[in-house]
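Reader: Please walk me through the helix packing and the aromatic pairs here. I want the cut-offs behind each label.

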Amino acid sequence: MKGMHTGWTEAENEALKNAANEARKKRLPLKTAFDAIARETNRRPNSVRNHYYTQLKTAEKAEPAFLPFTDAETEQLLRTVLLALSNGQSVRACTLALAEGDTRRMLRYQNKYRSLLRSQPEKVRGMRAALASEGYVVPDPFVRDPNVPRVGRPPKKTGDLERHIRALLDTLYRNLLALTQGESAG
């Protein structure tokens, strides 16, 4: 039978936080962190899990529920995403890098960018024009290239899945041919 505990020390809280962060970095289930801390502290894994989520909720309440972007942050985000697009990077990959792997921040950045496309297209076009005047070739984010297959979750229907895979393979084949002939892929 495990020993009775009346509270958590700062060291135990810090160890739990570090174990959870490490599990996330390694893309492991949080349960592995809970089990490890349970062994270290002689607690039950469910108790560790409950304490973790209680601490998380408490910490979230300390942060403002909504943190608006400043004008400077909006401009920088827009510039960064458009430059990433000019280098062939996806919006998701760019915002994940910008958020340093924090998926919550990544979604915030991605949502802000998508919101700018919908609600302030003139601002997006203005930034694109500014980047063009600096010599960057930025694809139009309002026009999807039909020759580039969408990457992401495949369609649910089998016929669509086959068509999706065929389009992806055709694009890869064309790019490989272009590269072997000394042309640039695109």
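**Labels and their cut-offs**

Author: α5 and α6 are oblique to each other. This is a predicted model, where local features need pLDDT of at least 70, side-chain atom pairs count only at pLDDT 80 or more, and totals for chains, interfaces and linings use all residues. Residues are numbered from 1 along each chain as its sequence is written, and side-chain values use heavy atoms, with hydrogens and water left out.

Reader: Why are α5 and α6 called oblique?

Author: Helix α5 (residues 91-98) and helix α6 (residues 103-119) pack at about 130°, with axes 8 Å apart. Angles under 35 degrees count as roughly parallel, over 145 as roughly antiparallel, 65 to 115 as roughly perpendicular, and the rest as oblique. So α5 and α6 are oblique.

Reader: Which residues of α5 and α6 meet?

Author: Contact means heavy atoms within 4.5 Å. Val-91, Arg-92, Thr-95, Leu-96 and Leu-98 in α5 meet residues of α6, including Met-106, Tyr-109 and Tyr-113. By class, the contact of α5 with α6 has six nonpolar, three polar and three charged residues.

Reader: What makes α4 roughly perpendicular to α6?

Author: α4 and α6 pack at about 90°, with axes 10 Å apart. That angle makes α4 roughly perpendicular to α6. On the α4 side, the contact includes Leu-77, Leu-78 and Val-81; on the α6 side, Lys-112 and Leu-116 are among the residues.

Reader: Why is the pair of Phe-34 and Tyr-53 called edge-to-face?

Author: Rings of Phe, Tyr and Trp (its six-membered ring) pair if their centres lie within 6.5 Å; planes under 30 degrees apart count as stacked, over 60 as edge-to-face and the rest as tilted. Phe-34 and Tyr-53 have ring centres 6.0 Å apart and planes at 75°, so the pair is edge-to-face. Phe-34 lies in helix α2 (residues 30-41) and Tyr-53 in helix α3 (residues 45-62), so the pair ties together parts 19 residues apart in sequence.

Reader: How do you know whether Phe-34 is buried or exposed?

Author: Buried means under 20% relative accessible area, exposed over 50%, partly exposed in between (1.4 Å probe, protein chains only). Phe-34 has 6% relative accessibility, so Phe-34 counts as buried. Tyr-53, at 37%, is partly exposed.

Reader: What makes the pair of Phe-69 and Tyr-109 tilted?

Author: The centres of Phe-69 and Tyr-109 are 6.2 Å apart, with 55° between the planes, and the pair is tilted. Phe-69 sits in the loop between α3 and α4 (71-86), Tyr-109 in helix α6, 40 residues apart. Phe-69 is buried, and so is Tyr-109.

Technical notes
Axes fitted to C-alpha atoms, helices over the stretch in contact; angles between N-to-C directions. Helix = DSSP H or I, 4+ residues; strand = E, 2+ residues; numbered from the N terminus. Nonpolar A, V, L, I, M, F, W, Y, C, P; charged D, E, K, R; others polar.
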